[in-house]
Amino acid sequence: MKDYVSECQQMVKTQLEARDIIDPRVLEAFSRVPRHEFVSINLREGAYVDYPLSIGEGQTISQPYMVALMTQALQLKGTERVLEVGTGSGYQAAILACLAGEVYSIERLPGLAEESETRLVRLGFGNVRIKVGDGTKGWEEFSPYDGIIVTAGSNQVPEPLLQQLNDGGRLVIPVGGEFLQDLKRVTRKGDKFVQESLGGCRFVPLIGEYGWREEVKN
Ligand code: SAM
């Protein structure tokens, strides 16, 4: 039986702390969430390695460092309402659940949404709500959000997400081309949106009304 607890601690130390992940709450969340529970049994061996893994349906669970970098950029303190676009395996949602008050997550593929919902309930992450849909339109019912995180690469910053951001809130999103994107943080200051670049990244496409068109990508 593999010692996942020590693999997880090693991951936090060598892949996160050794780079630029310095928020102690973020580091603590990564040491608490069992990443191996979010991948299929045949991929568990590599659950804590420094690269993305397949989660089926042509989708991936991002590299731990990328999940941490995006999470840290939200600067969560514990009481926030956060929206995630791209539930995938539910790993990022679980990390957010440790760091914020309420987490809403949207996934366009029903099979993945259903699996991650079951998984998050089984693992005891009770403050996450998942729905199937086009996350580029946001989830208006529970807006405004103090943080929005998009875990798929877009060709634009979806306007509905900007509109659903609280004043002072942060949106973290990869924006660019089909294969390479720039990780952006957009902070709302009243009617103004201040953009910063957090570096290059590579994500599967965000497919929807305010992202890539489905017919081009599938
Ligand atoms: N956050 C996930 C995790 O922790 O496992 C990884 C997300 S994976 C890199 C990107 C996900 O975005 C895929 O599951 C994909 O189906 C989903 N996706 C793509 N376009 C979407 C959209 N418009 N709305 C919601 N989900 C979308």
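1. The second largest pocket has a volume of about 220 Å³. A pocket here is an open set of points on a 1 Å grid over the protein atoms alone, where a 1.4 Å probe fits, with protein on both sides within 12 Å along at least five of seven lines; lining residues have an atom within 4 Å of a point. Grid points are joined across faces, edges and corners, and the volume is the space filled by probe spheres set on the points.

2. This is a predicted model, in which local features need pLDDT of at least 70 and side-chain atom pairs count only at pLDDT 80 or more, while totals for chains, interfaces and linings use all residues. Residues are numbered from 1 along each chain as its sequence is written, and side-chain values use heavy atoms, with hydrogens and water left out.

3. The lining of the second largest pocket includes Pro 52, Thr 60, Met 66, Phe 179, Arg 202 and Val 204. By class, this lining has six nonpolar, four polar and two charged residues. Ala, Val, Leu, Ile, Met, Phe, Trp, Tyr, Cys and Pro count as nonpolar, Asp, Glu, Lys and Arg as charged, and the others, Gly among them, as polar.

4. The largest pocket holds about 500 Å³ of space. Its lining comprises 33 residues, and Gln 59, Glu 107, Thr 151, Ala 152 and Val 204 lie nearest the centre. The lining divides into 14 nonpolar, 13 polar and six charged residues. β2 gives the most to this lining, with three residues; strands are DSSP runs of E with at least two residues, and helices runs of H or I with at least four, numbered from the N terminus.

5. The ligand sits in the largest pocket, a term that requires more than half of its atoms to lie within 2 Å of the grid points. Two or more residues of the shell around the ligand come from each of β2 (59-61), β3 (81-85), α4 (91-99) and β4 (102-107).

6. The ligand is surrounded by 27 residues, each with a heavy atom within 4 Å of it. The closest are Glu 84, Ser 89, Glu 107, Gly 135 and Ile 207. The shell has eleven nonpolar, twelve polar and four charged residues.

7. Oxygen atoms of the ligand lie 2.6 Å from a side-chain N or O atom of Ser 89 and 2.6 Å from a polar side-chain atom of Glu 107. A ligand nitrogen atom is 2.7 Å from a polar backbone atom of Ile 207. The protein covers 99% of the 610 Å² of accessible area that the ligand has on its own, by the Shrake-Rupley method with a 1.4 Å probe.

Note on methods
A polar contact is a pair of N or O atoms within 3.5 Å; within protein, one must be able to donate a hydrogen and the other to accept it, and residues adjacent in sequence count only if both atoms are side-chain atoms.
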